Amino acid sequence: MPGLLNGRRVLVAASGSIAAVKTPLLVSALVQAGAQVRCVLTASAARLVSPLALATLSRQPCLQDKDQWDPVRPRPLHIELAEWADLVVVAPLSATSLSRWVQGDGEGLLASLLLACECPVLAAPAMNTAMWKHKAVQRNWNLLLDDPRVLPLAPEGGLLACDRLGTGRMSDPVRIELAAASALLQATSQGLLKSDWRGKHVLVSAGPTLESLDCVRVLSNRSSGRMGVLLAQAAHLRGATVDLVHGPLQVPPSWLEGLQCHPVVGSAAMDDMLQQLQPKADAVLMCAAVSDVRRTSSSVVEKLPKQQLIGSMEGGWELVPDLLQSLVGRRSAGQSVLGFAALTGSDQQILELGRQKLQAKGCDLLMVNPVDRLGQGFDSDQNSGWLLGPGNHHQVCPLEDKLVLSHRLLDRLLEINRTT
Ligand SMILES: Cc1cc2nc3c(=O)[nH]c(=O)nc-3n(C[C@H](O)[C@H](O)[C@H](O)COP(=O)(O)O)c2cc1C
C-alpha cells in the first residue's frame, strides 16, 4: 500500500508475546511503503526481539520504559509519542498489555502512551489458545471492541509457538499493513474509526472463474481478485461479517484473514455457493469476473491432442447465465446489491453500455470500469470508472488505489440504503 502510507507517522509497539519476532517484518514493510516509523518495546518484548533490529529497520531509536525517565527530555516521552503518531499499531498485544489498557493502568511506556493517544490504534493480540479463550481476556477484548478509536484484528487460527493448533496467532504483518492503510483512510479528524458496517452480513464475490477445455487446460480471464478482496477487507474492517466466494486469487494470502472464505473454481460452483449464502446477506458485492462461456457437457476427462483443440472449441459450449442478474431476481427486501462491469471503449461508450447493463441487471449500484487502459482495472493496484446508481445518477471515481475505491463504494451503498 505504498501511496496510502507515504509520509504517515506510525508508532509500532510490541509487547511480550513470542509473535514479537514478526514485528521487524511489519516495521520494514511500513518503512518501505514510505511511512515514518518509531518503535516502542515493553520490557518483556525486548527479551524476545532485538531493540537494535527495530532501531535499524525504523531508522529511529527503539524506545523502552527506561527512556521515559531520561532527565534530558523536555516533555514526557509517552505524551510526545502519543501526539506525534497518526496511528499506533500494537503488534503483538499481550494479555497483560491488553488488561492494563482496558483497566486504565498506565504503568510503563506502552501503557501510558495508549492512555494518552487520541489517534486510531490498531490492536493485534497474540497468545496461546487457552489464554485467548480465558474469560478475563475475552472480557478485556470485548471492552476494547467498544472503543471507537480501536481497530481490532482478532487473532487467527493455526499452529502456535506452544505447539498448539488453535486461535491465537497474531495477524500477519502484510495484513496489518493493509489494516493500517485502511485505518488511516477512514479515521475522522478526532481519530475515530467508522464501524458503520458493524452487525451487517456482507457477501462478496471476487476473482476469475475457470472453465475446463479438457482435463488440464482452462479458459479464464486476467482478474487477480484484488478489487473484491479489498472490498471484503474494507467491509470487515468497518465491522461487517464477510463471506467471500472467490475463484483462484493472486493476492497476498494473508489478505484473506478475518474473512469467511469459500474457494470455487468454475462458474457453476460460484453460482451454487452464492445461492447458498445469499439469504443471510444484508448486502451483496458482485466483483468476480465470471466466465462468459462453459462446456455444455461435464468436463472432458482426457487431455485432448493439440491438433483436436481448435475443433473441440467449435461445438459443445454454452453461455454462462448472468449470475448478477439471477442474484438480483432472488434478493429479499432490504438486501442491497452492487455489481461490477468491466468494459472497453471511450468514456461515452462505457457510460452508455453501463447504463444499459444497470437497467438489465437491476442492481442498486453498478461500478463500470475500463479494462483497456494502462495501470488500472484487471490485475493492477488502481481502478477508476463510474458508479452508476438510481435515477440515471452517476458518480465519477477518479484513478485511485483499490482500497480507497472500496471505502468509497461502501460509503455509497450505505447512503442509498438509508434513503430507500
Ligand atoms: C517465551 C515467552 C512467550 C510468551 N508469549 C506470550 C504470548 O504470546 N502472549 C501473551 O499474552 N503473553 C506471552 N507471554 C507472557 C508475557 O510476556 C507476560 O505476561 C508479560 O508480563 C507481558 O508483559 P507486557 O505486556 O508488558 O509485555 C510470554 C512469555 C514468555 C516468557
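I began with D243 in this predicted model, and I noted that it counts as buried because its relative accessibility is 2%, where the cut-off for buried is under 20%. I placed D243 in strand β12, which runs over residues 241–246. I then looked for a partner of its side chain, and I found that the side chain of D243 makes a polar contact with the side chain of H262 at 2.7 Å.

Next entry, the ligand. I listed the residues around the ligand, 15 in number, and wrote down G16, T42, S94, A95 and S97 as those that come nearest. When I sorted this shell by class, I had six nonpolar residues, eight polar ones and one charged one. I also asked which element gives the most to the shell, and the entry reads helix α6, residues 95–103, with four residues.

For G16, I recorded a polar backbone atom 2.6 Å from an oxygen atom of the ligand, and for A95 a polar backbone atom 2.7 Å from an oxygen atom of the ligand. For A126, I noted that a backbone N or O atom lies 2.9 Å from a nitrogen atom of the ligand. I then looked up the cover, and found that the ligand on its own has 640 Å² of accessible area, of which the protein covers 64%.

Next entry, the largest pocket. I noted its volume as about 850 Å³, and I counted 38 lining residues, with A288, A289, V290, D292 and A342 the closest to the centre of the pocket. Looking for the elements that give two or more residues to this lining, I wrote down α11 (226–237), α14 (323–330), β17 (336–343) and α15 (347–361).

Last entry, helix α7. I asked how many of the eight residues of helix α7, residues 109–116, are buried. I found six of them buried, and I therefore described the helix as mostly covered, with buried taken as under 20% relative accessible area. The buried residues I listed in α7 are L109, L110, A111, S112, L113 and L114.

Methods: Residues numbered from 1 in each chain as written. Predicted model: local features only at pLDDT ≥ 70, side-chain atom pairs only at ≥ 80, totals over all residues. Heavy atoms only, no water. Near = heavy atom within 4 Å. Polar contact = N/O pair within 3.5 Å; in protein donor to acceptor, adjacent residues only side chain to side chain. Areas by Shrake-Rupley, 256 points an atom, 1.4 Å probe, with all protein chains shown as cover. Nonpolar A, V, L, I, M, F, W, Y, C, P; charged D, E, K, R; others polar. 1 Å grid on protein atoms, 1.4 Å probe; cavity = no way out; pocket = protein on both sides within 12 Å on 5 of 7 lines; lining within 4 Å. Points joined across faces, edges and corners; volume = space filled by probe spheres on them. Buried < 20%, exposed > 50% of the residue type's maximum accessible area, 1.4 Å probe, protein only.
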